[in-house]
Amino acid sequence: MNSSQQTPQSGGGLPVIQYWAQQSLSPQGIKLWQTLNHKSACLSCAWGTGGQKGGFVNEAGEYLQRCAKSVEAIAAELQPPISKEFWQQYSLAQLQQLTSQECDRLGRLSYPLLLEAGKSHYRRICWEEVYNLADQAFRQPGERLASYSSGRSSNEAAYLLQLFMRATGSNNLADCSDLCHAASGVGLKQVFGSGTSMVSLESLKHSDCVVLIGSNAPANHPRLMNELIKLRDRGGKVIIINPQLEIGLVKFASPAFPIKSLLKGGSNISTLYLQLIPGSDTALFIGLQKAAIEQNLIKLNYLQAYTEGWEDVLNYAREQSWQTIINSCGLSQEEIEEAAYVIGTSEKVVFAWAMGITQQANGVDNVRSIANTALITGNAGKLGTGTMPIRGHSNVQGVGSMGVTVRLRQEIKQALSQLLGHSLNETQGYDTRALIDAAHAGKIDTLFCLGGNIYAANPDLKQAREALAQIQTIFYVATKPNLGHFHGLAKQNTLILPVFNRFENPHKTTTESGNNFVRLNDEGKSHLIPQNSSLVSEVELITEIAARRHGEHPIEWRKLQDTQYVRQLIAKTIPGYEKIGEIDEEQEEFTIPGRIFTELKFATASGKANMKITPLPDLSLPDWQSFDIPENCRNLVLILGSGRSYAQHNTVVYRTADKYRGMPHRYCILMNVADVKKAGFREHEKVNVKGDGGELKDIEIICGAIREGAAFMFYPEANILFKAKIDPQSGTPGYKRVPICVYSLKSMTER
Ligand SMILES: Nc1nc2c(c(=O)[nH]1)N[C@H]1C(S)=C(S)[C@@H](COP(=O)(O)OP(=O)(O)OC[C@H]3O[C@@H](n4cnc5c(=O)[nH]c(N)nc54)[C@H](O)[C@@H]3O)O[C@H]1N2
Ligand SMILES: Nc1nc2c(c(=O)[nH]1)N[C@H]1C(S)=C(S)[C@@H](COP(=O)(O)OP(=O)(O)OC[C@H]3O[C@@H](n4cnc5c(=O)[nH]c(N)nc54)[C@H](O)[C@@H]3O)O[C@H]1N2
Ligand code: SF4
Ligand SMILES: [Mo]
């Protein structure tokens with residue numbers, strides 16, 4: 001009954017090596033290897049690989065740090081251009097039939113395209129027409145203009161985007177991080193005065209325990225796995241907290257360790273695996289705090305000297321009964337006590353997390369409960385310890401540092417207003433969810449999307465579609481087509497504007513990894529250029545629109561097409577980025593100062609870490625009657641978490657099957673075998689899945705290593721199902737804890 005029998009016995013391993021071989025031997029093989037060796041940061045995740053030291057080198061100068069995900073991303077960018085006849089031939093109605101994977105496989109965008117209201121086809125236009133439309137569209141009042149961005153663009157493009165938007169009087173700088181790590185930024189800033197990871201790669205190498213929470217690193221940050229393997233080799237411990245047993249977190253075969261991978265089938269990763277109830281992490285961390293207190297493992301002197309508010313946090317943990325904690329997180333007291341013992345008796349612990357923590361209705365509390373636990377056990381402000389959000393897109397952190405945020409720091413505000421010669425508009429800007437709501441209410445005229453897929457990345461696709469349809473003009477700046485280009489259509493004009501990617505830009509750019517390391521990306525050449533394509537760089541596009549809208553005073557926009565000049569402005573206006581002003585001469589990549597805490601002084605006003613009670617989460621679930629399904633059908637209410645398969649990058653699907661989870665296609669639901677039996681279902685049966693936003697039919701049940709009561713489906717397909725609760729503190733949607741009803745109208749004999 002359990003399909004995990006056919007799944008690999010470790011993460012990574014042979015399928016990864018096969019993929020490398022297959023891609024290397026493909027017609028693009030040579031170009032692929034040239035690109036892998038190009039001096040630029042990997043396109044894919046924010047772990048950070050590549051740059052001036054070479055394509056395969058990480059921040060610690062180690063080689064062989066490029067993973068298959070990076071190959072996947074490059075291979076997609078090396079596709080041939082889409083012909084202009086294609087757009088004449090295929091109507092919008094036909095394009096709307098394409099899956100995410102089919103959209104991406106169309107190839108590279110190579111000409112600007114326009115879809116006007118009432119027309120059946122996108123048509124090619126020239127750049128002059130683009131700039132004229134932009135000039136009109138950006139003449140609306142600032143509060144009716146908005147941008148959305150995704151984290152693949154460069155620091156330079158991001159800086160220019162926010163400068164341009166703020167010059168028009170708009171603070172509506174929504175970004176994919178609003179759907180991602182916003183809770184980390186908000187939570188960490190409150191506690192430590194700095195919203196990013198305080199652990200550098202170097203520091204991670206000194207830890208003897210890593211607590212990895214709500215992360216599927218084997219798929220999404222594969223080179224982090226090398227660090228966990230090395231940690232285990234030096235006798236360290238790895239505690240995993242995840243409702244799903246991700247096989248790569250149990251055992252991982254990394255190509256960087258060929259002997260272990262090939263002869264021993266991989267390296268053991270987890271020393272303790274805690275499969276908790278989805279959304280209950282704060283309860284577990286309060287349990288860990290309580291157990292640490294009871295086992296006398298708390299560092300009282302440390303708390304007194306370097307933190308504030310610790311008494312309340314300790315009292316709260318003491319007051320919660322074990323029964324309440326156990327009921328809430330679904331783990332036994334012994335499991336929690338054991339984890340607390342490992343954390344409390346380890347010398348240097350790093351707490352790392354990803355979307356399982358942030359994409360929750362209490363995302364900020366989750367982050368703060370982790371930070372509280374780190375502090376109670378003395379694990380922050382020393383080499384080898386600390387809190388480490390594992391960031392998503394390869395430059396999502398840099399985009400935020402550049403001021404693309406609705407929470408702009410005071411210092412940057414002041415510096416920008418000096419640059420612009422007037423004070424900035426103080427209206428609170430829309431983050432991504434607020435932007436969708438505002439658009440839905442008819443409050444937005446123009447949306448400029450610097451990459452990404454605002455349509456498919458949002459929960460409640462029906463609302464997203466309706467909201468975007470209220471906007472007069474949408475500019476989609478992209479390298480390849482995606483679902484959003486065909487479903488997220490504006491009321492009047494939808495434009496798709498093709499740009500160079502990071503390794504093709506005609507100028508140097510910079511990016512920032514999740515570990516706060518700034519890389520310099522060399523200029524490159526696009527394979528599309530000889531083929532009569534018409535691409536621009538993101539920097540050229542934004543500066544040209546800005547120059548036409550604002551003229552050349554006080555900012556000389558066209559001069560900013562020289563990215564070295566942009567870096568000069570960044571150095572002057574973005575605190576911590578001063579060294580970027582010399583990067584062209586020195587070629588010296590650097591770690592942003594003031595973010596990695598290896599001394600016991602944090603970036604808060606008092607220098608102390610700010611602890612605060614994190615209340616237990618409300619984990620109530622609706623009953624099946626509230627789903628409005630027919631009476632007398634087999635059904636079960638479950639908690640759905642939606643996330644990535646092993647073969648996709650966010651809304652872009654590269655391959656349909658997920659071998660590691662035994663899910664053969666995109667329309668599967670992963671369930672625990674006990675739940676399947678309890679509801680009278682059987683494996684591979686097709687069922688209906690209903691949430692508060694919509695329904696999907698013919699979903700195949702796959703039995704897998706997921707906790708009872710929980711289910712897993714792939715995004716973006718699952719985004720049709722639910723509206724998602726929003727974390728009031730950070731605006732992040734709770735994609736990881738959505739009540740759904742799985743049901744079937746067939747009788748037991750028909751199933
Ligand atoms: N190859 C590849 N790499 C990527 C991406 C990609 O799509 N493909 N995306 C990039 C981006 S933008 C991001 S944000 C990251 C995402 O990286 P991840 O956060 O690793 O990605 P998710 O698939 O969202 O998986 C989150 C994990 O959280 C677990 N989880 C779900 N609910 C809970 C819960 O309540 N508590 C806990 N503790 N765990 C839970 C899930 O079982 C899953 O293992 O990866 C980046 N890197
Ligand atoms: N249900 C559910 N929904 C989720 C999530 C989840 O876990 N579950 N995760 C959320 C998260 S963490 C994130 S980050 C968002 C992702 O949301 P987005 O960042 O909005 O989406 P992506 O799919 O990464 O965007 C891919 C597109 O970016 C474009 N692109 C690629 N490279 C470049 C470039 O260099 N320049 C430009 N201009 N464009 C480029 C390509 O055209 C490609 O189609 O989705 C969120 N949505
Ligand atoms: S771990 Fe991330 S940054 Fe490093 S090569 Fe893989 S995808 Fe690229
Ligand atoms: Mo993300």
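The centres of domain 2 and domain 3, taken over C-alpha atoms, are separated by 27 Å. The model is predicted.

**View 1. Division of the protein chain into domains.** Domain 1 is made of two segments, 110–180 + 395–588. Domain 2 covers 182–390, and domain 3 covers 624–750.

**View 2. Contact and buried area between domain 2 and domain 3.** On the side of domain 2, 31 residues are in contact with 23 residues of domain 3. About 2000 Å² is buried between domain 2 and domain 3, and 52% of this area lies on carbon and sulfur atoms. Of the area that domain 2 buries against domain 3, 29% is supplied by Gln244, Pro278 and Gln359, more than by any other three residues.

**View 3. The salt bridge between glutamate 246 and arginine 661.** The two side chains meet at 3.0 Å, N to O. Between domain 2 and domain 3 the count is one salt bridge.

**View 4. Polar contacts and the elements on the domain 2 side.** Two or more residues each are given to the side of domain 2 that touches domain 3 by α9 (182–192), α11 (217–220), α13 (247–250), α20 (355–358) and α21 (363–376). The largest share, four residues, comes from α9. By class, the residues on this side of domain 2 are 15 nonpolar, 14 polar and two charged.

How values were computed. Residues numbered from 1 in each chain as written. Chains lettered and ligands numbered in written order. Predicted model: local features only at pLDDT ≥ 70, side-chain atom pairs only at ≥ 80, totals over all residues. Heavy atoms only, no water. Domains from an automatic or database assignment. Contact = heavy atoms within 4.5 Å. Buried area = accessible area lost by both parts, 1.4 Å probe. Salt bridge = Lys/Arg side-chain N within 4 Å of Asp/Glu carboxyl O. Polar contact = N/O pair within 3.5 Å; in protein donor to acceptor, adjacent residues only side chain to side chain. Nonpolar A, V, L, I, M, F, W, Y, C, P; charged D, E, K, R; others polar.
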